[in-house]
Amino acid sequence: MFRLHCTKKLLDRIKPEIVAPGQSDTAPGNWYATVLFWKPQAALLVSERTLLPVLMPLAPVATLAQRFASQLALVLKEHGVPPEFIAQEVWRMDKVQYAKTANRSVVGILNEFVKQAEFWLAAYAYEKGDDDDLRAISAKLAETPCSPLYKGPISPDKALHELVKAGAQA
């Protein structure tokens, strides 16, 4: 089970049952999500623990959480994460609970990643609706130094690798 903390814009689109904030069973912790009003529209999801960004098509919005597990698996594979870790995470994401955003720091990172995604779109002439391009932008965003991580690995991709390494040693 994982918790998806959505911005008001996204909650208004999904209209889910909202639960109180709590912890996810997944290694990257809770996930935060917002909608990008591109054509076609996209969703940006960020891990609370590692700040790993995942861009994916928004439509159909009703199945966003169910489709997220497979999109995350592709992003983790692109980062060189072992298949065992990926399978474990996908298995833990069998159920979703929706909540309002609770961590202002992660919401700030979401907003910053939205701006940077616009830059990467323009700089590399990526297509907004192309899955491969969305994963490429996600990978570029993951290299961004993030101040909440400054006491540790500094960027989401490095934080992910530390998380995977710690999980392998446990």
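Reply: One definition to start: a residue is buried under 20% relative accessible area, exposed over 50%, and partly exposed in between. The model is predicted.

Me: Is Asn-111 buried, exposed or partly exposed?
Reply: Asn-111 lies in helix H4, residues 104-124. Its relative accessibility is 46%. Buried means under 20% and exposed means over 50%. Asn-111 therefore counts as partly exposed.

Me: How far apart in space are Asn-111 and Met-93, C-alpha to C-alpha?
Reply: In sequence, Asn-111 and Met-93 are 18 residues apart. In space, their C-alpha to C-alpha separation is 25 Å.

Me: Which strands stand at the edges of the sheet, and why is one side of each left without a neighbour?
Reply: The sheet is open, with five strands in the order E4-E3-E2-E1-E5 and mixed pairing. Each edge strand has a single partner strand, so one side of it has no neighbour in the sheet. The edge strands are E4 (53-57) and E5 (96-100).

Me: What is the average twist from one strand to the next?
Reply: The order to follow is E4-E3-E2-E1-E5. From one strand to the next, the twist averages 30°.

Me: Which residue of E3 is the bridge partner of Val-35?
Reply: Strand E2 (residues 31-36) pairs with strand E3 (residues 42-47). The sense is antiparallel, over six bridges. In E3, the bridge partner of Val-35 is Ala-43.

Me: What angle does the direction of helix H2 make with that of E4?
Reply: Helix H2 (residues 64-78) packs on the sheet. H2 touches E1 (2-6), E2, E3, E4 and E5. Its direction makes an angle with that of E4 of about 125°.

Me: Is Ser-24 buried or exposed?
Reply: Ser-24 sits in the loop between helix H1 (8-14) and E2. Its relative accessible area is 11%. The cut-off for buried is under 20%. Ser-24 is therefore buried.

Me: Which side chain does the side chain of Ser-24 join in a polar contact of 2.7 Å?
Reply: Ser-24 touches Met-1, Phe-2, Arg-3, Gly-29 and Asn-30, leaving aside residues up to four places away in sequence. Its side chain reaches the backbone nitrogen of Arg-3 at 2.7 Å. The side-chain partner at 2.7 Å is Asn-30.

Me: Which element gives the largest share of the largest nonpolar core?
Reply: That core has 34 residues, and Leu-4, Trp-31 and Phe-68 are among those touching the most other members. Elements giving two or more residues include E1, H3 (83-92) and H6 (156-169). The largest share, eight residues, comes from H2.

Conventions: Residues numbered from 1 in each chain as written. Predicted model: local features only at pLDDT ≥ 70, side-chain atom pairs only at ≥ 80, totals over all residues. Heavy atoms only, no water. Pairing = 2+ DSSP bridges. Helix = DSSP H or I, 4+ residues; strand = E, 2+ residues; numbered from the N terminus. Axes fitted to C-alpha atoms, helices over the stretch in contact; angles between N-to-C directions. Contact = heavy atoms within 4.5 Å. Buried < 20%, exposed > 50% of the residue type's maximum accessible area, 1.4 Å probe, protein only. Polar contact = N/O pair within 3.5 Å; in protein donor to acceptor, adjacent residues only side chain to side chain. Core = buried A, V, L, I, M, F, W, Y, C linked by side-chain atoms within 4.5 Å.
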